[in-house]
Amino acid sequence: MLYPINTMSRTVIDLNGVWKFMIDPETTPIDPGKSLPTDDVMAVPASFNDQTAEAKIRNHTGYFWYQRQFTVANSLRSQRLVLRFGSATHEAWVYINGKEVTHHKGGFTPFEVEINDYLKDENNLLTVKLSNILDYSTIPVGNYSETKDAGGHIIRKVDENFDFFNYAGLNRPIKIYSTPQAHIDDLVVAPAVDLANNSANVHLTVQTGGEQFDEIRATVLDEDGNQVAEAQGLSEQLPIKNIHLWQPLKAYLYTAKVEGLINGKVVDVYEEPFGVRTVEVKQGKFLINGQPFYFKGFGKHEDTYVNGKGLNEAYNVLDLNLMKKMGANSFRTSHYPYSDEMMRLCDREGIVVIDETPAVGLMVSFTFDNSEISKPGYQDDTWKDLKTGEAHRQAIHEIIDRDKNHACVVMWSIANEAANYSKGAHEYFEPLFKLARQLDPQKRPLTYIDLVWSNPESDKSSDLPDVICLNRYYGWYLDTGDLAISEKKTRDELKQWQAKYPDKPIMYTEYGADTIPGLHSAYDEPWSEEFQEDYYRMNSKVFDEIPNFVGEQLWNFADFQTKYGIQRVQGNKKGVFTRSREPKSVVRYLSKRWNSIPNFGYKK
Ligand code: GCB
């Protein structure tokens, strides 16, 4: 799916701003064709939860409504007009002037609909009904229940099967964009790179819609706007010589400019930035442009004060700047696809991204005590009880469809911490890996992220990922505070993985310790800033001993909001930055380490 941009043939109208908002009391039906019976408002894009002073609204589970008016200028009315939601979390029904125009389920990917047939001359009423309900058929997974109050009124509850606040609403930009009736619908850019000859053949596929073009013209422009290749047709090979590679932290972006012509006249134009680089897993190494890459960075969240999971571009820019200053080069979009805007920024900044679907919480019985798994006859019903298959397939389609051309994406993560240790895991995951391999035009490596219960013996499907990605909390959830035993467990497990899969790279995608900034301890106690640093030092030492260990992405970049819990004090405190991005003292240690580790060739 193309990102909406202004070109010589296209205009983007921004629908962000302050919308009417109300919780659906589910007493009388709401008429989407009428002004919502409320005076409350919410800013868009942003989650609704932290914009209110009412706990009842903040913690609402169920249905809620947004509404605004818009007018499209006469000069655009003959154009094809498309309404696009960057996301709507988690399910949305969209109405224009009272008529339902589209419905979408899945809270972290865009969707769009042509709206010409529904428009009036002015003051169109755009109404969106949303739901933040999650259950055993959705991703993320939630434990959903309903009860009734004394008046027979339904009370809905979602107990999240994951560790982040279920921020919901219109989290990402809402836009209308115009195209000519004959239009470019999508572009697929897949550069085949010849590193030895410093050249590339860019395979460009163009999908069109509406009236047919007589001619499609494509040119590749370099960063100075010089044309370096051109071709014609819906499926083209564009050879580029003397290529500038897209490199981690040294991004170079070409632009594919595509024009659709009728009677010799350009009708539609679209411009897609892309990078030329290779990604490959080989002999236990993760190669970018043929060189063994070492991941240094983070698991993150889209999570800021007030905006919740709403797009916050200033924070995105700040976060990448803080990462770069620390010598980091990468992050994972834990635990859902991030905004289009963040992906475009990472392309430009050369930040390497592991792009994750929203498949988090795919397990029905969980404690951090992983001794359960070694008990004879251990049985878990995850793959019988969950009905996430369809949502998961849709999520894989949508993440690859949206992000396929991004140079920053070097690997897809199919899921975070599923019950891979449980009977039925292989049957569940095999078709999903197959689907992703088939859909990705750039054939990037695939992974899923392993929970501590999934060890080299228990993991039923570890043959599927190209890279073994581990979330480990030795010294925190397990053997709390005992870094000596944790060091041994860390080393033993990594050695076992390496012995089992000598050709698969291994990396940590989470490891961390909750830390209260300003809490100090002469005894290096858990929760203190001293413990956080010791914990990371211990892990670094072991990582450096394991030849196929190709990266360290710690948990978490910053403190973030979660549901209530006895292990959470206004959220998860494993950030190396606070939620407002002040560094905890460990940042000095990590900056020193990462600034001295090269992006390439760290592990020979
Ligand atoms: C995990 C999860 C992550 C949590 C983290 C924690 O394994 O993947 O979402 O926030 O542990 O801090 O407990």
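Hi everyone, let's start at one residue pair: D355 stands opposite W412 in strand β26. Before I go on, a word on the model: it is predicted, so local features need pLDDT of at least 70 and side-chain atom pairs count only at pLDDT 80 or more, while totals for chains, interfaces and linings use all residues. Residues are numbered from 1 along each chain as its sequence is written, and side-chain values use heavy atoms, with hydrogens and water left out.

Strand β25 covers residues 352-356; strands here are DSSP E runs of at least two residues, helices are H or I runs of at least four, and both are numbered from the N terminus. Five of the five residues in β25 are buried, meaning under 20% relative accessible area, with exposed over 50% and partly exposed in between (1.4 Å probe, protein chains only). V352, I354 and E356 point one way, V353 and D355 the other.

What about its partners? Strand β26, residues 409-416, runs parallel to β25 and is joined to it by four bridges; two strands pair if DSSP finds at least two bridges between them. Strand β24, residues 330-332, also pairs with β25 in the parallel sense, over three bridges, and there S330 has V352 as its bridge partner. With helix α3, residues 340-349, strands β24 and β25 make a right-handed β-α-β unit. Right-handed means that, with the strands pointing away from the viewer, the path from the first strand over the helix to the second runs clockwise.

On to the ligand. Which residues come nearest to the ligand? They are D163, H335, E417, Y477 and K574, out of 13 around it, where near means a heavy atom within 4 Å. The shell divides into four nonpolar, four polar and five charged residues; Ala, Val, Leu, Ile, Met, Phe, Trp, Tyr, Cys and Pro count as nonpolar, Asp, Glu, Lys and Arg as charged, and the others, Gly among them, as polar.

Ligand oxygen atoms also lie 3.1 Å from a polar side-chain atom of R568 and 2.8 Å from an N or O atom in the side chain of N572. Taken alone, the ligand exposes 310 Å², and the protein buries 95% of that (Shrake-Rupley method, 1.4 Å probe).

One last stop: K300, in the loop between β23 (295-299) and α2 (313-325). K300 counts as buried because its relative accessibility is 2%. Its side chain makes a polar contact with the side chain of D319 at 2.7 Å; that term takes N or O atoms within 3.5 Å, and within protein one must be able to donate a hydrogen and the other to accept it, with residues adjacent in sequence counting only if both atoms are side-chain atoms.
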